[in-house]
Amino acid sequence: MELWLLYAVGAAVFASLSTILAKIGIKDVDSHLATAIRTMVVLVFAWIMVFVSGVQGGIFYITSRTWVFLVLSGLATGASWLCFFRALQLGDVNKVVPIDKSSTILTMMLAFIFLREPVGVFTVAGMVLMGIGTWLMLEFKSNSTANGRWWPIYAILAAVFASLVAIFGKIGVADIDASLWTAIRTVVVVPLSWTMVFFTKKKTPAVRLRSWVFLVLSGVATGGSWLFFYHALQIGNASLVVPIDKLSIVLTMGFAFLFLKERFSKRSVIGLVLLTVGTLLPLFISY
């Protein structure tokens with residue numbers, strides 16, 4: 001097995017663990033506070049990536065235009081994380097994650113519209129399969145509480161903001177190292193997440209040790225996922241690495257079944273299969 005493939009699989013595994021650990025950690029914690037805590041851990045890992053790769057000097061050569069898109073990317077990242085955490089708190093992992101991962105479809109559409117990137121027949125076919133698969137996996141009646149009904153809105157917003165992160169990155173930060181971009185972007189996310197904590201001013205109970213442990217572990221897993229993903233991109237083709245990373249949804253669903261005792265209907269399983277095939281279709285056709 002090639003080294004880039006091991007790194008890519010490692011990135012997917014850690015991304016899946018990050019979601020599961022976050023779901024456990026935010027059970028009794030306000031979603032905004034949970035995001036802020038986790039972001040602090042991710043920030044440390046992001047800058048570790050910068051210094052390990054030795055690209056910290058690049059910060060002195062960033063243009064004003066790139067700074068604008070870096071800030072916009074950071075704001076979109078923070079908004080995506082805040083919405084995703086809130087959706088996780090209100091809904092099941094096996095319902096929230098498919099919507100979040102559908103950001104891939106929206107990103108491809110935005111790239112076609114605004115960046116004029118070519119879209120082939122098989123790419124469109126993959127997008128259609130991903131869309132159908134996502135729809136089949138959704139069962140909105142699973143949570144009937146008043147607050148629970150809002151999880152699809154938060155999950156959709158998380159996907160929208162995640163797609164904007166990719167587009168802003170493509171437009172404005174192509175001239176700097178990806179790890180440096182990620183680290184600076186996270187610096188923007190930290191004050192945003194803590195601002196939301198103080199702005200909402202909710203009276204929440206003190207964070208229990210158990211929640212601290214799982215939130216920190218979630219941040220560590222996110223950092224690990226980024227490190228593996230970055231190294232995979234360094235030695236492998238992005239067109240091969242990215243689809244494998246997106247397939248973290250399969251692992252996430254498996255972990256949700258094993259550790260969170262979430263159950264899947266036949267409809268959800270069929271949807272997961274279609275989503276997986278749709279993600280891999282452009283990859284198989286290209287190679």
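Me: Rings of Phe, Tyr and Trp (its six-membered ring) pair if their centres lie within 6.5 Å. Which residues form one aromatic cluster in this predicted model?

Reply: The cluster is made up of Y7, F14 and F228.

Me: How many aromatic pairs does that rule give?

Reply: The count is six aromatic pairs. In one of them, the ring centres of W47 and F51 are 6.3 Å apart, with the planes at 45°.

Me: What makes R38 and R267 count as charges over rings?

Reply: For Arg, CZ has to be within 6 Å of the ring centre, and within 35 degrees of the ring normal. R38 is 5.3 Å from the ring centre of W81 and lies over its face. The charged end of R267 is 4.5 Å from the centre of the W135 ring and sits over that ring.

Me: What makes up the largest nonpolar core?

Reply: It has 36 residues, and F85, L88, V96 and W151 have the most contacts inside it. At least two residues each come from α1 (3-25), α2, α3 (64-90), α4 (93-101), α6 (121-137), α7 (151-172), α11 (248-259) and α12 (266-286). The largest share, six residues, is from α3. In soluble globular proteins, nonpolar side chains tend to be buried together. Of the 287 residues in the protein chain, 50% are buried.

Me: Which elements does the protein chain have?

Reply: It has twelve helices and zero strands.

Me: How many cavities are counted, and what lines the largest?

Reply: One cavity of 30 Å³ or more is counted. The largest cavity holds about 60 Å³ of space, so it passes that cut-off of 30 Å³. Its lining consists of K101, T104, M130, K246, I249, L275 and T279. By class these are three nonpolar, two polar and two charged residues. Lys counts as charged, so K101 and K246 are the charged residues of this lining.

Me: What lines the second largest pocket?

Reply: Its lining residues are K23, I24, I26, K27, L88, Q89, R210 and L260, around about 170 Å³ of space. Four are nonpolar, one is polar and three are charged. α1 and α3 each supply at least two of the lining residues.

Me: Why is K261 called exposed, and what is its phi?

Reply: The cut-off for exposed is over 50%, and K261 has 56% relative accessibility, so the name applies. Its phi is positive, about 60°, although K261 is not a glycine. K261 lies in the loop between α11 and α12.

Technical notes:
Residues are numbered from 1 along each chain as its sequence is written. This is a predicted model: local features need pLDDT of at least 70, side-chain atom pairs count only at pLDDT 80 or more; totals for chains, interfaces and linings use all residues. Side-chain values use heavy atoms; hydrogens and water are left out. Rings of Phe, Tyr and Trp (its six-membered ring) pair if their centres lie within 6.5 Å; planes under 30 degrees apart count as stacked, over 60 as edge-to-face and the rest as tilted. On a 1 Å grid over the protein atoms alone, a cavity is a set of points where a 1.4 Å probe fits but cannot get out, and a pocket is an open set with protein on both sides within 12 Å along at least five of seven lines; lining residues have an atom within 4 Å of a point. Grid points are joined across faces, edges and corners, and a volume is the space filled by probe spheres set on the points. A nonpolar core is a set of buried Ala, Val, Leu, Ile, Met, Phe, Trp, Tyr and Cys residues joined through side-chain atoms within 4.5 Å. Buried means under 20% relative accessible area, exposed over 50%, partly exposed in between (1.4 Å probe, protein chains only). Helices (H or I, at least four residues) and strands (E, at least two) are DSSP runs, numbered from the N terminus.
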